[in-house]
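Open the model in your viewer and follow along, stop by stop. Each stop names a selection and says what is there.

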Amino acid sequence: MLDDLGNTYISNTDSMSDKQEEKKTAVNEIEFQVSQVIGRLEEAVIGKTSNSFDTSASIPSRAEENFQNQTKSVLQLLEDLLLHDSENECEYTALPELCEASRLSVISHAVAAYAGSMERNHVAHLSCKISSDTAHWITDLFRCVNCKVCYHDDQLGGIVRIVRALLHSRIPHYAEHGFNALKNKLPVIYTSVAAPAGIVQYVCKQIGLPLSCINAIPCNTLFGSQKMDVAALEREIEIDKTSNKIPLVVLADAGTPISGHVDNIARLQEICKTNGLWLHLRGHSLAALTIPQFSNAGSNLSDSMTLPLGIWLGIPGLPTATVYNSEGLNTNTIGLLENPGRKLISLPIWTTFQCLGTEEIRRRFREAFEWCQQLWEKLEKYPNIRLLSQPPGGEGNLIHIKDLETKQIEPSALFEFASCTVVFQFIPENLEGRVPPYYDRLNSWLGQMLQRDCPQINITLCEIENGEIVLRYCPLEPQPGIHEAPDFDSFIICLDQQIEILCATVRHKAEFQKLVENSECLRLVEIQGWAGLGGVRYQPVTFQDAQLTDHIKQQLNNLNINLVERLRTTDAAFSLGEGGDGLACVRFGMVTTDTDVGELLGLVENAGLEEEESGKVLDTMAEVVKRGIEAATMELQRESDEQLWQEGILRSVPVVGSIVNWWSPHNKGSGIKGRSLDLTAGIVASTENIYRYHMQCSPNQPLEQTSVGHSRSSSLSSQQHTTNAVATTPALPQL
């Protein structure tokens, strides 16, 4: 028995522990791992080991138990804040699953904070060691020889430091006089109009420069191009020099934020060297510098560049690295780019390189560019798809990404063959220029369907500078913890289905609008942001557009709401919409090739006519009941007055009336008769026969009847009078 109980107890304990493991959340797992790491560090500092751990000291005191409970409650509160939104009363999705490298990055932040409490000199030496190793790995990965690296949590922090260091280097007496040294000569920061304006504005605000220091250079006149016009840049530099300004830095794009276009880096290098400007590069295409096997790929490419490794690898918590050439700066200003020695800001990148290794990071970057090329090759075959991003492999797709590993290619030309993103949109065939506004809705619908049916392909909806809606695929912006190869075959199958629906909807839309315009009782309704065929409103012929008062609009609104409910009982494809005037309408969605639009509109017309007739019957029935109640009330009042005069006034006098009634009781059958209303015939009749024969259908016609009017014919009423039940209205109390 003891063995059985013991075995049962152990199995129950195991099952309970399994349930507890299932309930362990991401926050608890991270907290557990951080506690383990810090515990190891504490044991190493104190000199304890796990073998010499004192078991008597493991018994927690009451204060420690209270502190542990408080810690658990704080973690639970933190988790609720991450998962729930109390203001909007909605629940966010679960926290993303982290890979080992991502988890290690999160833990390294806690370790860096814990290490900050150690002895100052030791932390400074440790920070220098980790930063030096990390800088060596980054410069080796991106082929930047003799370059230095600074780290910053803010992605724009590197540009701010670069501009600040340039001000100290290029502006005389800037360190002594500050902004007063800029009174006569303002520095100029050049950027493309295609770049987000907030970037350079942020830099000016952080340093204290006026926004007049910004000079936005236009793009090439070629349609869809987002490359900086280098000829315009040269003209602006000469104009600024003659205006007694100091051209300072050019912020160029190696992959614009949406379309991934790359500026003419080679020409920008020549212009900057000739005029003594600093060239700074940013963009996802910089990750292509890791693909070639030859050295010094990025050494002479620019003076500095921003490398957001956390975004490219999908690892949260990694700081941004800015690689710069220190030869273009004064020795005294280099310290403005370095990090404080007591902060281990580069530790998350250090742990990532230790976990993944340089070759694994290079492989991930190379595969990202290969995936862009594969998707591009599949999409360029569609006549209804316009590709807006830079074509991979150069014009004509001559070079494959794998070939870039061994071929000797100039670093500036490398970006012409490696495309970091694929941007496309659904358009009419053979269209040149901007798509019609309706196609923006279609592209928005297409993006939502691809996100729903193909979640493994990270498709995002973006709005470009001319207001068009486009679809964007960028493997260099992966979701945390996801590093699997995309299934493009399933994606193309899904895309084929959606494009077939889009083409059918566009083809049927013209027929749909024509049929609605020819209908007497249907009105076309424009629905804001709706990608389907559109909306129609059923409007009876008697309702003229010029005579729609507020009361008629309310009736029309109720009619269409009831119409949609009636239609949804037969087909769930119909839905309730709202036009620009705020009135309800029947909404038609996307259709397929075999859809009969005329049949759908006919169904709406027939259902609307039935709903209209049903409304008329209800209105007539309400009028009949109202008139019947009024007639019955008048007749009962008349009978009451007649009975009063026939039986004498004394019966209605208090006290005297009771004596008279005792002396001369009422005659049976002399009471006031009730009234019944025949809803079919529209007649108010006496209830005498009903109570006499104890049935609602009497053998003879009622003795007294009054017609209150009805919408149906009298012949139909007479035929149904003997078969339909008579609705009896409550009789007024006997007097």
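What percentage of the 735 residues of the protein chain count as buried? The figure is 42%, where buried means under 20% relative accessible area, exposed means over 50% and partly exposed lies in between (1.4 Å probe, protein chains only).

Two notes before moving on. This is a predicted model, in which local features need pLDDT of at least 70 and side-chain atom pairs count only at pLDDT 80 or more, while totals for chains, interfaces and linings use all residues. Residues are numbered from 1 along each chain as its sequence is written, and side-chain values use heavy atoms, with hydrogens and water left out.

**Whole chain**

Show the chain as a cartoon. Its secondary structure comes to 21 helices and 20 strands. Helices (H or I, at least four residues) and strands (E, at least two) are DSSP runs, numbered from the N terminus. Take the contacts with a separation of 6 or more: residues 24 or more positions apart account for 71% of them. Contact means heavy atoms within 4.5 Å.

**Stop 1: two crossing helices**

Select H6 (residues 157-170) and H8 (residues 197-207). Their axes come within 9 Å and cross at roughly 55°. Axes are lines fitted to C-alpha atoms, for helices over the stretch in contact, and angles run from 0 to 180 degrees between N-to-C directions. That makes H6 oblique to H8. Angles under 35 degrees count as roughly parallel, over 145 as roughly antiparallel, 65 to 115 as roughly perpendicular and the rest as oblique.

Now show side chains. From H6, pick Ile 159, Val 160, Val 163, Arg 164 and Leu 167. From H8, pick Ile 199, Tyr 202, Val 203, Gln 206 and Ile 207. These residues make the contact. They divide into eight nonpolar, one polar and one charged. Here Ala, Val, Leu, Ile, Met, Phe, Trp, Tyr, Cys and Pro count as nonpolar, Asp, Glu, Lys and Arg as charged, and the others, Gly among them, as polar.

**Stop 2: a ring cluster**

Select Phe 142, Trp 312 and Phe 365. Ring pairs link these three into a cluster. Rings of Phe, Tyr and Trp (its six-membered ring) pair if their centres lie within 6.5 Å; planes under 30 degrees apart count as stacked, over 60 as edge-to-face and the rest as tilted. By this rule the count comes to eight aromatic pairs.

Start with Phe 142 and Trp 312. This pair is tilted, at 6.2 Å centre to centre and 45° between the planes. Phe 142 lies in the loop between helix H5 (120-141) and strand S3 (148-152), and Trp 312 in helix H11 (residues 309-313), so the pair ties together parts that are 170 residues apart in sequence. Both Phe 142 and Trp 312 are buried.

Next, Trp 312 and Phe 365. They form an edge-to-face pair, 5.8 Å centre to centre with 90° between the planes. Phe 365 lies in helix H13 (residues 358-379) and Trp 312 in helix H11, so this pair ties together parts that are 53 residues apart in sequence. Phe 365 is buried, as is Trp 312.

**Stop 3: a covered helix**

Select H12 (residues 347-356). Seven of its 10 residues are buried, among them Leu 347, Phe 353 and Leu 356. What covers the buried residues of H12 includes H4 (100-115), H5, S3, H11 and H13. Gly 357 follows H12, with a positive phi near 90°.

**Stop 4: a glycine in a loop**

Select Gly 529, in the loop between strand S14 (522-525) and strand S15 (534-538). Is Gly 529 buried or exposed? Gly 529 is exposed, at 53% relative accessible area.
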